[in-house]
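I opened this notebook to record what I looked up in one structure. The entries cover disulfides, strand pairing and aromatic rings.

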Amino acid sequence: MVAVVTLKVTACSGGAAISGAQVTDGYNSVYTNSYGEILVYWDDTAYVGYGVDIIKSGYVSRNVVLYNSQNGTTVTTCLNAAESGGGGGGGGGGGGLSCFIVSAATGSPESQEVMALRVLRDEVGAKSTIAAALIDAVYDEYWQFSPPIADRISADAATRQGALLAVVRPLLAWYGLAGTLALSKGDGQAELALLEEACPGWMAPATIAALVAALRRDGAVPDDAPDFVRSIAAQLALGASLPLVDWAILRPLQTCWELAAGDGDIRSAVAAWLSDAPVERLVQKPSADEVSAVAGLLDFDPLARRHLIARFDAPRTETNTSCGCVGR
């Protein structure tokens with residue numbers, strides 16, 4: 001069977017249709033018509049989605065993933081105008097805290113994915129001073145290893161698509177589910193479905209999970225890893241050595257793909273991950289109000305909430321054990 005989606009490309013400012021935009025999967029290219037539209041189709045028995053890059057002179061390129069569930073619909077996406085003298089592509093930037101790898105994989109520091117990440121960061125940080133400090137500390141470590149990786153991703157369309165599918169989409173879906181549950185925005189069913197869709201079986205989840213596990217365990221990339229992964233082995237090893245990066249990026253990435261390869265409760269895994277947040281590195285003697293505020297982010301899972309509170313109550317000389325909710 002073939003999934004068919006009408007992809008409509010517009011300008012983010014004003015919403016005008018963009019004709020003549022190149023839509024490519026890294027191997028084949030087509031161009032949008034005068035209405036800014038193009039038919040995109042793929043074999044829905046072999047894939048659960050299809051990723052394409054959209055490129056147009058004068059605009060910032062972006063990557064879009066279309067899913068089987070969108071078959072028969074029109075999907076509209078927009079391109080931001082490039083800065084004067086600029087073209088497509090994109091790395092970090094954009095003011096404030098930036099996510100270099102997400103910007104590179106999606107083609108813009110102002111992409112919908114980057115903006116969603118910023119909104120989530122701001123909302124979580126506003127709920128708890130401890131959470132805000134943790135987010136800032138994660139970014140401090142992230143900047144130590146991510147720019148060279150983002151540069152490599154930006155340079156090649158196929159690499160961008162691979163990074164988007166294997167790393168960026170799963171992590172954004174994980175953070176989206178965690179944010180919805182922590183901020184009490186709903187039961188998380190929609191976000192749970194997105195997370196399951198972001199880690200599809202056709203991506204060989206067990207292989208990806210094993211690669212991330214080896215990186216976390218050994219601090220090195222396996223010899224049989226893809227060429228691109230081996231080309232950035234030094235940067236990945238540096239990232240794996242950073243404790244906040246391990247917790248914020250590598251652990252959820254490994255967990256997402258492990259759950260996709262087998263069985264498990266994703267909500268409980270997210271709760272366990274949140275309750276193991278390395279906050280003790282940031283705050284030695286938090287006030288009762290600060291503990292209450294950060295623990296409130298785990299109201300959706302009482303066991304994980306109690307675990308987090310117990311970690312604050314435990315003597316700092318002791319080693320805090322991981323939450324027993326879900327084994328890693």
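My entries follow, beginning with the basis of the values.

**Basis.** I worked from a predicted model, in which local features need pLDDT of at least 70, side-chain atom pairs count only at pLDDT 80 or more, and totals for chains, interfaces and linings use all residues. Residues are numbered from 1 along each chain as its sequence is written, and side-chain values use heavy atoms, with hydrogens and water left out.

**Disulfides.** I took a disulfide to be a pair of cysteine sulfur atoms within 2.5 Å. How many disulfides does this rule give? The count comes to 2 disulfides.

I looked up C12 and C78 and found that they form a disulfide, with sulfur atoms 2.1 Å apart. The torsion about the S-S bond of C12 and C78 is about 85°, so I noted this disulfide as right-handed. For the location I used helices (H or I, at least four residues) and strands (E, at least two) as DSSP runs, numbered from the N terminus. C12 sits in the loop between β1 (2-11) and β2 (22-24), while C78 belongs to strand β7 (residues 74-79), so the pair ties together parts that are 66 residues apart in sequence.

Are these cysteines buried or exposed? I applied the following limits: buried is under 20% relative accessible area, exposed is over 50%, and partly exposed lies in between (1.4 Å probe, protein chains only). C12 is partly exposed, at a relative accessible area of 32%, whereas C78 is buried, at 19%.

I then turned to C199 and C256, which form a disulfide with sulfur atoms 2.0 Å apart. The torsion about the S-S bond of C199 and C256 is about 95°, so this disulfide is right-handed. The pair links distant parts of the chain, 57 residues apart: C199 is in the loop between α6 (189-198) and α7 (205-218), and C256 is in helix α10 (residues 243-261). C199 counts as buried at 5% relative accessibility, and C256 is buried with a relative accessible area of 5%.

**Sheet.** I counted two strands as paired if DSSP finds at least two bridges between them. In what order do the strands of the open sheet lie? The 3 strands run in the order β4-β1-β7, with mixed pairing. The edge strands are β4 (37-43) and β7, each of which pairs on one side only. From one strand to the next the twist averages 30°; here axes are lines fitted to C-alpha atoms, for helices over the stretch in contact, and angles run from 0 to 180 degrees between N-to-C directions. I recorded that β1 and β4 pair in the antiparallel sense over 7 bridges. T6 stands opposite L39 in β4.

**Aromatic rings.** I paired rings of Phe, Tyr and Trp (its six-membered ring) if their centres lie within 6.5 Å; planes under 30 degrees apart count as stacked, over 60 as edge-to-face and the rest as tilted.

Y175 and W273 form a stacked pair, at 6.2 Å centre to centre and 25° between the planes. Y175 in helix α5 and W273 in helix α11 are 98 residues apart. W174 and W273 are both buried, and Y175 is buried too.

Lastly, I noted that ring pairs link Y139, Y142, W143 and F145 into a cluster.
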